[in-house]
Amino acid sequence: MLTRLAGGHVVDPAHGRDGVGDVWISDGRIVAAPQAGKADETHDVAGKMVLAGAIDIHSHIAGHNETMGRLLLPELRQVEHPGHGTPRGAWTTRETGRLYAAMGFTTVIEPAVAPHHALQAHLELADIPIIDKGALTVLGNDDFTLGLLRGKDGAQAMQDYIAWTLATSRGLGVKVVNAGGAEAFKENVRTFSLDDEVPDYGVSSRAIVKALQHGVVALGLPHPLHVHCNNLGVAGNIDTAVATIAAAEGLPLHLAHIQFYAYGKEGPRGFSSAAPRLAEAVNAAKSVTVDVGQVMFGQTVTISSDVLRQFNARNSAKPKKWLIDDGDANGGGIVAYDYSASNFFNAVQWAAGLELFLLITDPWRVFFTTDHPNGAPFTAYPDIFALLMDRNLRAEWLSRLPTEAVAVTTLPSIAREYSWSEIATMTRAAPARLLGLKDRGHLGAGAVADIAVYAPNRDKATMFRNAALVFKDGALVVRDGAIVSEPYGRTLTVTPARDKAIERRMRDYYQERYGLTPDFMTVAERVLGSRYAFEAVPCRN
Ligand SMILES: [Zn+2]
């Protein structure tokens, strides 16, 4: 069947398209306009914006920590997003897929899967409808990585281990969370920086990051090492972020949710936005990419594999509920949190995130995230798009914040407004390139027909919250913000080559350490969704 989206304003930065034209779909793929013959089905999208489906590179939507978050805060499910009848918090898998699709998102990456918990994470991902999924595998606080470094086993052994772990956990890339810090926390270490050493192992955080970064590069993985830096949330941690950027040394490195590292110690409260300095460092380091981790106001829950940081943050829990669980490598920490516009610190965080978006000049290197649900649940995205595209709206929000907070940021002085092309680059073309997914993020022939159509509206948040049309693999899944069908997407993985000898070594290691074979943690092909499809009863989110 040949489908035509006729006469929309097509924004496709990967192909330099930004103007009125058609997009054609056949058999789930985008095709070139046919020379002859006409469409079996035509959607008149004149006056509407036509973009590829959006891609979220960092959103905690499945796995062990999310499950613990749901158990700790079941009531969050009931808290509705202001102005919109959707829950803010620990959604079900079904709601996750439906709410993302309604906004025009068609691919989402779960960024923190512990290898030993990968099976549960993938079963949960497979249960999320509509969107395609992927997972980043967490390494760097595990005994085997640290043991390789302590034993000076060399670069080849590290590469083989990374490749083996990606294959068993079905990851799309590698993440490190507070490298060495989670392991050091088990020895009662409470602060841990880039050049601190992990007790017993005698390896520094920097050495872990560098070894994993080199391993990822040598294996030819498309996605750079994804780094959650040390000292998250601490006043003055701008120095850590700048030092980590410098440690990239010209090789690809991705820094996650950098808003949480954009803090100086200026001003009367000893806490200020250092976003301009961080943006300057990012602008200068061409091999470095970042996502923001924007904060928005309201109740949420922070969930992280950075147990050291989560333990230190436990007294800020609101409501007073927190949980730390130990385990192999990172473990996990869950802390309830309520960001308030009247809170000095939260207001600075909100402004710092927007400063980063607006002061980092290259939309190919800065990515759109709230670190869901840590800075805000992903249902807050439409409001953030609106803030980026409209300086008057930012001024309105700023006018409601504490003046002493606004005084330690530069946000009021920034006039930049994101264009549609910049939004499409940051949320479509650039993430596809960052993840090595050539079949999406653009509207060229051969791409999967994941397409989002928006009806311009003075209220941009409403426009982004309720896409006019969304196609997934060429099938209509959303009309006017309502789900009209609920197919299941794919799980995206990468399987780099590795030396067979690593299989034996890992079997011996698991046998000796746990009395188990590594089969317990190996995710079988059949676990990865495409699961099944069913016709949904159309209803509003
Ligand atoms: Zn995260």
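**Core, helix packing and zinc site of the predicted model**

Within the largest nonpolar core, which comprises 149 residues, Trp350 and Phe357 touch the most other members. A nonpolar core is here a set of buried Ala, Val, Leu, Ile, Met, Phe, Trp, Tyr and Cys residues joined through side-chain atoms within 4.5 Å; buried denotes under 20% relative accessible area, exposed over 50%, and partly exposed the range in between (1.4 Å probe, protein chains only). Helix H11 (residues 344-359) supplies the largest share of this core, 10 residues. Apart from it lies another core of 16 residues, among them Val45, Ala447, Ile451 and Ala468. The structure is a predicted model, in which local features need pLDDT of at least 70 and side-chain atom pairs count only at pLDDT 80 or more, whereas totals for chains, interfaces and linings use all residues. Residues are numbered from 1 along each chain as its sequence is written, and side-chain values use heavy atoms, with hydrogens and water left out.

Not counting residues up to four places away in sequence, Trp350 touches Gln294, Val295, Met296, Phe297, Leu387, Arg394, Trp397, Leu398, Leu401 and Leu411, contact being defined by heavy atoms within 4.5 Å. Helices (H or I, at least four residues) and strands (E, at least two) are DSSP runs numbered from the N terminus.

Helix H9 (residues 275-284) packs with H11 at an angle of about 30°, the axes lying 9 Å apart. Axes are lines fitted to C-alpha atoms, for helices over the stretch in contact, and angles run from 0 to 180 degrees between N-to-C directions. H9 and H11 are therefore roughly parallel to each other; angles under 35 degrees count as roughly parallel, over 145 as roughly antiparallel, 65 to 115 as roughly perpendicular and the rest as oblique. The contact involves Ala275, Pro276, Leu278, Ala279 and Asn283 of H9, together with Ala352, Glu355, Leu356 and Leu359 of H11. Asn283 is buried, with a relative accessible area of 18%. Leaving aside neighbours within four places in sequence, Asn283 is in contact with Leu359, Ile360, Thr361 and Arg365.

In helix H8 (residues 238-247), the residues Ile238, Thr240, Ala241, Thr244, Ile245 and Ala247 are buried. The elements covering the buried residues of H8 include helix H7 (205-218), strand S10 (226-228), strand S11 (253-255), strand S12 (263-264), H9 and strand S14 (288-291). Just after H8, Glu249 adopts a positive phi of about 50°.

The zinc ion has His58 (NE2), His60 (NE2) and Asp371 (OD) as its protein donors, at 2.0 to 2.1 Å. Donors are N, O and S atoms within 2.8 Å of the metal (3.2 Å for Na, K and Ca); water is not among the atoms, so sites may look incomplete. The donor residues follow the spacing H-x1-H-x310-D in sequence. Distant parts of the chain are linked by His58, in the loop between strand S6 (54-56) and helix H1 (64-72), and Asp371, in the loop between strand S18 (366-367) and helix H12 (381-389), 313 residues apart. Both His58 and Asp371 are buried.
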